[in-house]
Amino acid sequence: MMQEVIEYLEKNKEKHIEELKKFLHIPSVSTDSSHKEDVTKAAEFVSNYLTEAGFQTVELQKTKGHPLVYAEWMDAGEDKPTVLFYGHYDVQPPDPLDQWKSDPFQAEIRDERIYARGASDDKGQVFMHLVVLKAFLQTTGSLPINVKVCIEGEEEIGSANLYDILHQQQEKFSADFAVISDSGMVAKDQPTILYGLKGFTGLEFTLKGPDNDLHSGLYGGAIKNPAMAMAQLLATMKDEQEVVQVAHFYDQVEPLTSEERQLIKEAPSEDYRESTGAIETVSEKGYTAKEHTMARPTLEINGLYSGYQGEGTKTIIPSTATAKLTCRLVPGQDPVQIQEFLVKHIEKHLPQGVELTIKREPLSAKAYKVDPNHQLITKAAESFAETFDKEAVYVRMGGSIPVVEWIDAIYNIPVVLLGFGTPDDRLHSPNESFPMAHFEKGMKTIVHYWEAVKNTKL
């Protein structure tokens, strides 16, 4: 069965590339209301493809925002596991357009990569799965396991309606495990098992002084400067050794085991100076840069603004100062609780002479981690090794994918992150791309994986 499918993929290679280009051609920018019809067209592309592939049930579900594609094929048998495959067809805006070397919605292959918005995040990786599912059904008339498909159109705007859908339609979306391909590898051609993601929370707060900007000569020394107050307050939140000073911030953090530290150590190291331009790395006392990014919580200032921003000098005391903060969380930390700790810290250290307003980030998520020795994970590693001819490395990622935590919380099932992207894909940036070699090897990996898990007892 598996050989038939792989031969089908090889025989129809050019056809699949052209179909991918058609998918990438649709400017499904979910954040821009002017592209609402385009987002729907992308959903229709996915639903039509699954129908043509041979899925028994294909639905285009309306939401309060953009549509969700649901499909299922359940004829593998009750003795076979059921997988929920999740992905998204919406993309980020292509701006700034002048920095693209080719049209972001006219896919172009050059230097063994396909360039287009969504090539890696997430249309390219979603389409690999769709092709494999079609390949099985077109060659053998069946799938090795039962499959449910959930492809949404709002991931790039926070999956605003997905949580309610998954929660309200639990039976419909229920499965034995989930697979998501919305991540990547630590390096090109280096299979990577991503067994953990950080959680996320944050807030924005503003310090207000006078009702309007004031002349600094007339009022300096009498009226508190909100920008100075902000600097003083922010300086209390983390020390020079990158240790967060917010009370109780680390209380529920699960310790990093010696086994995990070894897994992180064995993962390829990024040359941060080369990739970021920073002169050196800084990390929490007692942890390496890799350990900190993968497995320790963070507190970062994402935005900071106050006063005059134009050319030259304008001698004012600004009326307000605003800071945007986010935290990446690890297992054990609760996002709502962390927000509360941040609020109490800010209130406690609020300088005199300014008023405080706080806006909490409504979209938060807990961290996710699966046992790296789970049979579904080891089978994924074996499938990677079969096609990439290299052993997989195991990592936890500093980023967050809220839907992973939602699936874990609602369904209590393992989530397998089969990522095929690379650090050079330029996600969310001009000239996003995806390696053609990963497109081909990735599909073969998926074929091997479905075959490998078909007799798994969960």
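Thr-139 has its place in helix H4, where helices (H or I, at least four residues) and strands (E, at least two) are DSSP runs numbered from the N terminus. This is a predicted model, in which local features need pLDDT of at least 70 and side-chain atom pairs count only at pLDDT 80 or more, while totals for chains, interfaces and linings use all residues. Residues are numbered from 1 along each chain as its sequence is written, and side-chain values use heavy atoms, with hydrogens and water left out.

**Two single residues**

- At 24% relative accessibility, Thr-139 counts as partly exposed, a class that lies between buried (under 20% relative accessible area) and exposed (over 50%), with a 1.4 Å probe and protein chains only.
- The C-alpha atoms of Thr-139 and Glu-4 are separated by 6.6 Å, although these residues are 135 residues apart along the chain.
- When neighbours within four places in sequence are left aside, Thr-139 is in contact with Glu-4, Val-5 and Tyr-8, contact meaning heavy atoms within 4.5 Å.
- Glu-355 is found in strand S14 (residues 355-360), and because its relative accessibility is 51%, Glu-355 counts as exposed.
- Leaving aside neighbours within four places in sequence, Glu-355 is in contact with Thr-206, Leu-207 and Lys-208, while its C-alpha atom is separated by 16 Å from that of Gly-307, 48 residues apart along the chain.

**Helix H4 and its partners**

- Two packed helices are described by the angle between their axes and the distance between the axes; here axes are lines fitted to C-alpha atoms, for helices over the stretch in contact, and angles run from 0 to 180 degrees between N-to-C directions.
- The axes of helix H3 (residues 36-53) and helix H4 (residues 123-139) come within 9 Å and cross at roughly 20°.
- That angle makes H3 roughly parallel to H4, since angles under 35 degrees count as roughly parallel, over 145 as roughly antiparallel, 65 to 115 as roughly perpendicular and the rest as oblique.
- H3 passes H4 in a left-handed crossing, the name used if the near helix is turned anticlockwise from the far one by less than a right angle, with right-handed used if clockwise.
- Phe-45, Val-46, Tyr-49, Leu-50, Glu-52 and Ala-53 of H3 make this contact with Phe-127, Leu-130, Val-131, Lys-134, Leu-137 and Gln-138 of H4.
- The residues of the contact of H3 with H4 divide into 9 nonpolar, 1 polar and 2 charged, where Ala, Val, Leu, Ile, Met, Phe, Trp, Tyr, Cys and Pro count as nonpolar, Asp, Glu, Lys and Arg as charged, and the others, Gly among them, as polar.
- The axes of H4 and helix H15 (residues 436-453) come within 9 Å and cross at roughly 50°, and H4 and H15 are therefore oblique to each other.
- The crossing of H4 and H15 is right-handed, and by class their contact has 11 nonpolar, 4 polar and 1 charged residues.

**Helices H13 and H15**

- Helix H13 (residues 375-388) and H15 pack at an angle of about 135°, with their axes 8 Å apart, which means that H13 is oblique to H15.
- H13 and H15 have a right-handed crossing, and their contact divides into 7 nonpolar, 6 polar and 4 charged residues.

**Nonpolar cores**

- In soluble globular proteins, nonpolar side chains tend to be buried together.
- A nonpolar core is a set of buried Ala, Val, Leu, Ile, Met, Phe, Trp, Tyr and Cys residues joined through side-chain atoms within 4.5 Å.
- The largest nonpolar core has 101 residues, and those with the most contacts inside it are Phe-55, Phe-177, Val-403, Ile-407, Tyr-449 and Trp-450.
- H4 gives the most to this core, with 10 residues.
- Apart from this core lies another one, of 23 residues, among them Leu-234, Leu-325, Leu-342 and Ile-346.

- A cis peptide bond with omega about -5° joins Asp-95 and Pro-96, and Pro-96 is found in the loop between strand S3 (82-88) and strand S4 (108-110).
- Another cis peptide bond, with omega about 0°, joins Asp-121 and Asp-122, and Asp-122 has its place in the loop between strand S5 (113-115) and H4.
- Phi of Asp-189 is near 65°, a positive value in a residue other than glycine, and Asp-189 lies in the loop between strand S7 (177-180) and strand S8 (192-197).
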